[in-house]
Amino acid sequence: MAYFAQFALDAPAVSMVTASHNDNGWTGVKIGMERPLTHGPDQMAQLKEIVLTADFIEGRGAYKFIPDLREKYLADMTKNFRLKHPLKVVAACGNGTAGLFAPGALRAIGAEVVELDCGLDFTFPNHNPNPEDMKMLHAVHDAVLAAKADVGLAFDGDGDRCGVVDNEGEEIFADKVGLFLARDFSAQYPNSTFVVDVKSTGLYQTDAVLKANGVTIDYWKTGHSHMKRRVKQLNALAGFEKSGHYFFNPPFGHGYDDGLVSALAVCRFLDHNSGKKLADLRRALPHTWGSPTMAPFCPDETKYQIVDKVSEHYVAFAAGGGKLLGQKIREVVTVNGVRVVLDDGTWGLVRASSNKPSLVVVVESPASEQKMRDMFAEIDGQLSKFPDVGEYDQKI
């Protein structure tokens, strides 16, 4: 709603207090000036310098309360869209801020809504409001099956992400939900460009529907500030991040990430595919074997240098015609760490975490689970050469 207010009130800047996706006890501030962007590393570094040098502009501001912004926000989001077919939705808000908005927005488009943990409670008595948290997903699974709902929509604490659970209670990872939406959008707007982050599935490049619709895919840096900037720069129709941050340009959104706009896009997709269950649509996707996001410990002081060295190794190896897992290297993407793509579509990624002392490792294969595991073994072998790389938070 703060992002929306910057447009609705024609404000030159926005600032919001938010814990983002962090556990209870954390807090922070998101800041933006050029709509719809938020500050990235460069802008935050400038702000830090201003603070540390006390190089302030002095003056006095004023406070003005806007009483009806919630109503304007919901009206803007739901205008020109009503479901043509019945849809039963579980709205799971984890006692976070989406509880103030999601049920109303979904009912406004004509959905039947089953509320789950929609009352605000900053102690989060049931689970961490995070659509990647297994406790939350299990709760949505149970609610979807109990209500015989068509879909479960799970929002994070500050409402800028939306996780999706199908009618059988199975989670669909955010990058594959993005693939569904890219198919839906590009059917209406052929030859569109979509930005996806480097942790996302390789199906975006190989999907027959996207190819038939003339889609251009741009793999870019992970992180909402990076993705938003890239979507605007390329005038892409949308951007999809594996974490669940989605960015919709007009006519679907204003360019910023909003879990409620994402939820409405999922409902629109299901309405366009009426007569088909979401679980059946999930099963019809080409199968891939993918890892969760894995994070081996690595000190902040050395993580970027280590990623640079791993990147240099694979770039040189590919340039020299080297083969991995008996295959030619099709592509080495270095916009954010290094993503190595083999001929059969198997890929592995190494990047530095932007907010904690660790690396990030993700692998996927459309060929077999064994190929996925072999790619992980290859990357893990490279990382094991560096003493600073420690234990993983989880491993396949």
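Predicted model: local features only at pLDDT ≥ 70, side-chain atom pairs only at ≥ 80, totals over all residues.
1. Now the helix pair. Helix α12 (residues 303-319) packs with helix α13 (residues 369-383) at an angle of about 125°, and their axes are 10 Å apart. α12 and α13 are therefore oblique to each other. As for handedness, the crossing of α12 and α13 is right-handed.

2. Who touches whom here? On the α12 side you'll find Val310, His313 and Tyr314, and they meet Glu378, Ile379, Gln382 and Leu383 in α13. Sorted by class, the contact of α12 with α13 has four nonpolar, two polar and one charged residues.

3. On to empty space. Rolling a probe the size of a water molecule over the atoms shows where empty space is left. Searching the whole structure turns up one cavity of 30 Å³ or more, and about 40 Å³ of space lies in the largest cavity.

4. What lines the largest cavity? Its lining consists of Val164, Ile172, Val177, Phe180, Leu181, Val266, Phe269 and Leu278. The elements giving two or more residues to this lining are α6 (174-188) and α10 (259-272), and α6 gives the most, with three residues. By class, the lining of the largest cavity has eight nonpolar, no polar and no charged residues.

5. The second largest pocket has a volume of about 700 Å³. It is lined by 36 residues, and Thr18, Thr97, Gly157, Asp158 and Gly159 lie nearest its centre. Elements that give two or more residues to the lining of this pocket are α1 (2-8) and β1 (14-17). The class count for the lining of the second largest pocket is 16 nonpolar, 13 polar and seven charged residues.

6. A few backbone spots to look at while you have the model open. Most residues other than glycine have a negative phi, and most peptide bonds are trans. Arg35 and Pro36, however, are joined by a cis peptide bond, with omega about 0°; Pro36 lies in the loop between β2 (29-32) and α2 (41-53). Pro250 and Pro251 are also joined by a cis peptide bond, with omega about 10°, and Pro251 lies in the loop between β11 (246-248) and α10.

7. Last one: Phe124. This residue, which is not a glycine, has a positive phi, near 45°. Phe124 is found in the loop between β4 (112-116) and α5 (134-147).

Terms used: Residues numbered from 1 in each chain as written. Heavy atoms only, no water. 1 Å grid on protein atoms, 1.4 Å probe; cavity = no way out; pocket = protein on both sides within 12 Å on 5 of 7 lines; lining within 4 Å. Points joined across faces, edges and corners; volume = space filled by probe spheres on them. Helix = DSSP H or I, 4+ residues; strand = E, 2+ residues; numbered from the N terminus. Nonpolar A, V, L, I, M, F, W, Y, C, P; charged D, E, K, R; others polar. Axes fitted to C-alpha atoms, helices over the stretch in contact; angles between N-to-C directions. Parallel < 35°, antiparallel > 145°, perpendicular 65-115°, else oblique. Left-handed = near helix turned anticlockwise from the far one by under 90°. Contact = heavy atoms within 4.5 Å.
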